[in-house]
Protein chains: 2
Amino acid sequence: MKINENFQNLKDSYLFSTIAKKTKGQDVIRLGIGDVTLPLAPSVITALNKAVLEMKDQATFKGYGEEQGYLFLRQAILDYYLEKEVTLTVDEIFVSDGAKSDLGNILDLFSADNTVLIPDPVYPVYVDTNLMAGRKIVYLDGNIDNNFLPLPDDGIKADIIYLCSPNNPTGAVYDKSGLKTWVDYALANDAVILFDSAYEIFVRDEELPTSIYQIDGAKKCAIEFCSLSKTAGFTGTRCGYTVVPRELNRGGFILNDLWLRRQTTKFNGVPYIVQRGAEAVFTSDGLKEIKANINRYRDNAETITKTLSQLGIWYTGGTNAPYIWLKCPGQMTSWEFFDYLLEKEGIVGTPGSGFGANGEGFFRLSAFGNKEDTIKAMEKFKKIF
Amino acid sequence: MKINENFQNLKDSYLFSTIAKKTKGQDVIRLGIGDVTLPLAPSVITALNKAVLEMKDQATFKGYGEEQGYLFLRQAILDYYLEKEVTLTVDEIFVSDGAKSDLGNILDLFSADNTVLIPDPVYPVYVDTNLMAGRKIVYLDGNIDNNFLPLPDDGIKADIIYLCSPNNPTGAVYDKSGLKTWVDYALANDAVILFDSAYEIFVRDEELPTSIYQIDGAKKCAIEFCSLSKTAGFTGTRCGYTVVPRELNRGGFILNDLWLRRQTTKFNGVPYIVQRGAEAVFTSDGLKEIKANINRYRDNAETITKTLSQLGIWYTGGTNAPYIWLKCPGQMTSWEFFDYLLEKEGIVGTPGSGFGANGEGFFRLSAFGNKEDTIKAMEKFKKIF
């Protein structure tokens, strides 16, 4: 019996457990979390209740559904894309239990013998899933000079490219020209872009893309992953979707066929009840309700960015994203700043160094906390800086 | 970009699509399905309703839970195992969205360079997931001589072994001595048994094992996968669990650590609402209710097995399993018998050849249909055989 030895290349991830240990039992203001705090929208609750009732009676009970997701939900997602001026077909949409699962599982489609290009700082899941599979990873520097929006380096030959926009952890958002540069690079290099659009709902600048398919050529080189986790507070309800265009083929394979085969073999679909809840998100009432929630998070983001601007602290994100990425004042390292904020003012954020080498000296604040806490934290910022 | 070329080794699976095509639009009696038909138990409905309400208010709303599953559910599963006289710890139990997902995903832990031993006939997922990963597969013959319960062949050196008992598709169940032979073989060969116990609730003979951990030594060589799909009608509600004992290690790795890392990296847990529904299954009311449903399926199985016995048709399964595996009368092939039954009497079953080479000449009937249909089908059997 041979174990997958690649597991030993994974670094232990101490980030959130260290934070938990340092703050245990303390009455602190938590602006570190990436989890939502507002409850599910009324339309979603109504749909969930109705679906539970259907499961009670033999006549309306639902057993196995399509692994790819019920048509009613895929149609609702298709309509949501139409409003972005992106035209899909229902067989290009796969309902999943969340973007994280699909971002990991999609790698089943690719040989271990590919080079992966990952911007740093980064959501650690992109790195760990590829380390597990033994793939070579090349990092691309995100920094103040490029506003944490690195563009491709023609000297690097990559096969699989991760992009997350609006970005976690930096909150930076590629404009159409930036994404077009990436699409052109991918097409020229026969590469596939794995595009994580989990935070697309936070974009309010109409010039910024909310789907990579708003860029010409993207359907020939990109898979897009999205989730209702942040869109509709589904972090504990679990539903997302992945788009694999029929036009996307590599090495003689249509990737949509491969993903369908992977999912029908290793997945049994999302709960019927949850799919009905997800469908309600995309109704006109549902969208109104979730946008009201998003606006509450945006208000928090604005409270933070206004304060940082006043204090002259460098930051990015926050305007079109729920994360604010700031440069630690006074040349502090990420963990020095973490300890300083915690000990001095009882505020908890996330040290940027937890997201990669380029995160050192930076710090992530989240807009998902509650309003009063966010205001209180920023008043404290004004006192100490 | 290199695609995972192993996908081209997968055979197209035409079994259920061919059945669907042949029966489309016809008014037939369906005894082919492996899906449940009875609705969720009242206790489960109550728990689901309560959980939906919790998601409505900020004070009780649940965001991200533990990837491994909420402690309340893992504790309930632990207690369920205690009744089988199997003692586990909560960190050995992983809540999942179903056995199929975990049976596929567990393979991330093992090198592609392992030999896999799979009994034939078999649930096709075991085969396809390993073909996708490029592993060498050795098949073990199930047949009338061994009652479709093959035992290990000491001449074969295998690293990963699949066992499903009660079996899909045959309904055959290993006794303790049979499983002990397998455990001894696995220990002697440094192999790991992937034990699929999805149908354990159907065992009524108290001498038969319902968990591989009822066998001495199994915690050192086996991972057990179970699901509420058949236990509690969760095929459309999606919840299962996998047990990875802390004692199980290979090549210097504790497999429980690897699986925890795999799941925290590539999975975000099961919906809170569903976990509350699953918890209710294991309450005393819940267990009473689901056992009443199981008894209704058992009645169907008995209707079938009694008829086959009267007619002198060879079969196995049905007594401790929801599937009845019969030899096609008159030397018919599986598909000849399928067509004969469909055209003559409008009865639909599943051709055994769809489950592997050793399934040729056999046929699977399911006890998950409704009572009236099952009785009517067996009356037709009596007329034609």
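How many bridges pair strand β7 of chain A with β8(A), and in which sense? The views below, taken from a predicted model, start there.

**View 1. Strand β7(A) beside β8(A).** Strand β7 (residues 222–227) and β8(A) pair in the antiparallel sense, over four bridges. Strands here are DSSP runs of E with at least two residues, numbered from the N terminus. Two strands pair if DSSP finds at least two bridges between them. Look for F225(A): T242(A) is its bridge partner in β8(A).

**View 2. Strand β2(A) beside β8(A).** Strand β2 (residues 93–96) of chain A runs antiparallel to β8(A), and four bridges join them. Here I93(A) has V243(A) as its bridge partner.

**View 3. The two sides of β8(A).** Strand β8 of chain A spans residues 240–243. G240(A) and T242(A) point one way, while Y241(A) and V243(A) point the other way. All are buried, meaning under 20% relative accessible area with a 1.4 Å probe, protein chains only. In a regular strand, side chains alternate between the two faces of the sheet.

**View 4. Cysteines of chain B.** The structure holds zero disulfides over all chains; a disulfide is a pair of cysteine sulfur atoms within 2.5 Å. C226(B) has its nearest cysteine sulfur, that of C164(B), 10 Å away. C226(B) is buried, at 1% relative accessibility.

**Notes.** Residues are numbered from 1 along each chain as its sequence is written, and chains are lettered from A in the order written. Local features need pLDDT of at least 70, side-chain atom pairs count only at pLDDT 80 or more, and side-chain values use heavy atoms, without hydrogens and water.

Methods:
Buried means under 20% relative accessible area, exposed over 50%, partly exposed in between (1.4 Å probe, protein chains only).
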